[in-house]
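Subject: Structure handover and findings

Dear colleague,

I am passing on the structure that we spoke about, together with some notes on what turned up in it. Please keep it open beside this message as you read.

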Amino acid sequence: MLSPSPERALPQPRPAVLGIPRALIWGYVGVLLFMIGDGVETSYLPTYFRTDLGFAEASVGVIFTVYGVTAAVGAFLAGGLSDQWGPRRVMMAGAACWVVCHALMLAVAVPAHSYGLILASYGLRGFGYPLFAYGFMVWIMAGAPERQLGKALGWFWFCFTMGYPVLGSALVSFLKPMIGFYHTLWVSLAMIVAGALVVLLLLRERTGFQGLSRGPERLSLPRTFLGCFTIMFAKPRVGMGAVVRLINTTSQFGVWVFTPLFLVDRIGFSAQEWASLLIVMMVSNLACVVLFGALGDRWSRRKTVAWLGGVVSALACLALYYVPQTAGHDYPLVAIAAGALGVGMAGYVPLPPLMTAQAPERKGQIMSAYTLGAGASMAFGPLIGTVFIGSIGIGGVMGIYAALHLLSTVLVLCIKTPPLPVDPARPAPLAATATRTTDA
């Protein structure tokens, strides 16, 4: 019997578990544990700094501003460093930064009530979680099969979100009454170490063990980071994708700041009802991130981001203002609007493969452009409200957020996947060629 020709042999699919590439599964476990540890502090740390340590509100604001800046820089660095070091080393660098700075804060700065040491240690710790989490996202982009990228990214965001605002907050609610918040922060350190050890000892997928940029195209570290900026201009569709990612969560961070002022102060919702609306929003997001990732793989990544991301988010932003403005204190209707925003945010999950398809050999730099947009949205969303709410009110601000989401729809429809080069020595069948040149 003749053996099949290598040219005609079909590639065997890699095994997957519920859409998670089996070779990367321990990375998802590590990210979940890490983000639980990182999320322990979210609901109470500002209050702890004010009430337990006695810092002024403005001083606490400076601490979290510095943390936000370093987190945004860390998000940007994750892709470029993955090109040079490999995602595994980037993740371990992020974990080491988190552990050292957090331990210094708890063991030295907090007992001494030293504002300067807390500012330095907590501020520098901001580099930690984006290097770890986004380093793994780059690993997914490099190591997961292309046909499964949407679902693989959906599971990443599921683990990220489930750990950070959901299980992390639940853990502090459970432990704080028993052992106090200070000792709960030591538990968060243990969770971070556990997540890092899972990745270090159990994640063996080889793509992430070395720099993604290899061979003649490998650049020096300064040129790599310069390329993280210039690629957005050299490849305009990458720049469009970075803008789309910026818009993705701009409304989310703005809504978290300004919508409670509207619902609680003017409509009559209680603070507890607003907190439950946030839960509705995040649960809706968790329910859809994997679903929309898989839909992007099977239907169209561009259309998923455009219609289920941009359009749904735009309608949800308008509904969050006009529904309570019209119906008043109608919790079920407002909850539907909040849930719709969570659904819309999930619609942007398939964006990274669209961006990396523009220059597959520069995935690390492209992911830096993507995460730069993610980090900048933390400041851009509240900034829009701060600048415009005094002149056009909360309704006008929500209208701006909606217009931005519609702009993202237009931009993403322009991000078409370029055809892959075909080796003339191995012409692909017509059907295969058609598949390679369309938006997956």
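The buried residues of helix H5 pack against helix H1 (25–39), helix H2 (45–52), H3, helix H4 (87–109) and helix H6 (128–143), where packing rests on contact, that is, heavy atoms within 4.5 Å. Helix H5 itself covers residues 115–125, and its buried residues are Ile-118, Ser-121, Tyr-122, Gly-123 and Arg-125. Buried here stands for under 20% relative accessible area, exposed for over 50%, and partly exposed for what lies in between, with a 1.4 Å probe and protein chains only. Helices are DSSP runs (H or I, at least four residues), and strands are such runs too (E, at least two), numbered from the N terminus.

Please bear in mind that this is a predicted model, in which local features need pLDDT of at least 70 and side-chain atom pairs count only at pLDDT 80 or more, while totals for chains, interfaces and linings use all residues. Residues are numbered from 1 along each chain as its sequence is written, and side-chain values use heavy atoms, with hydrogens and water left out.

Arg-125, in helix H5, is buried, with a relative accessible area of 1%. Its side chain makes a polar contact of 2.8 Å with the side chain of Glu-41, and another polar contact, of 3.0 Å, joins the side chains of Arg-125 and His-102. A polar contact is a pair of N or O atoms within 3.5 Å; within protein, one must be able to donate a hydrogen and the other to accept it, and residues adjacent in sequence count only if both atoms are side-chain atoms. If residues up to four places away in sequence are not counted, Arg-125 touches Asp-38, Glu-41, Tyr-67, Cys-97, Trp-98, Cys-101 and His-102.

In the loop between H4 and H5 sits His-113, which is partly exposed, with a relative accessible area of 44%. Most residues other than glycine have a negative phi. The phi of His-113, however, is near 50°, a positive value in a residue other than glycine.

Two helix pairs come next. Helix H7 (residues 149–202) and helix H10 (residues 271–298) have axes that come within 6 Å and cross at roughly 170°, which makes H7 roughly antiparallel to H10. The axes are lines fitted to C-alpha atoms, for helices over the stretch in contact, and the angles run from 0 to 180 degrees between N-to-C directions; angles under 35 degrees count as roughly parallel, over 145 as roughly antiparallel, 65 to 115 as roughly perpendicular and the rest as oblique. From H7 the contact includes Trp-155, Trp-157 and Phe-158, and from H10 it includes Leu-286, Val-289 and Val-290. The residues of this contact between H7 and H10 divide into 12 nonpolar, 5 polar and 2 charged, where Ala, Val, Leu, Ile, Met, Phe, Trp, Tyr, Cys and Pro count as nonpolar, Asp, Glu, Lys and Arg as charged, and the others, Gly among them, as polar.

In the other pair, helix H3 (residues 57–85) and helix H8 (residues 221–234) pack at an angle of about 135°, with their axes 9 Å apart, which makes H3 oblique to H8. Phe-76, Leu-77, Gly-80, Leu-81, Asp-83 and Gln-84 in H3 meet Leu-221, Thr-224, Phe-225, Cys-228 and Phe-229 in H8, and the residues of this contact of H3 with H8 divide into 7 nonpolar, 3 polar and 1 charged.

Also in helix H8 is Ile-231, which is buried, with a relative accessible area of 0%. Leaving aside its neighbours within four places in sequence, Ile-231 is in contact with Val-238, Arg-362, Gln-365 and Ile-366.

Glu-205 belongs to the loop between H7 and H8 and is buried, with a relative accessible area of 9%. Its side chain is joined to that of Trp-139 by a polar contact of 2.7 Å, and the side chain of Glu-205 also makes a polar contact with the side chain of Thr-207 (2.7 Å).

Finally, Val-323 lies in helix H11 (residues 301–327) and counts as partly exposed at 22% relative accessibility. Val-323 and Val-334 are 11 residues apart in sequence and 6.4 Å apart in space, C-alpha to C-alpha.
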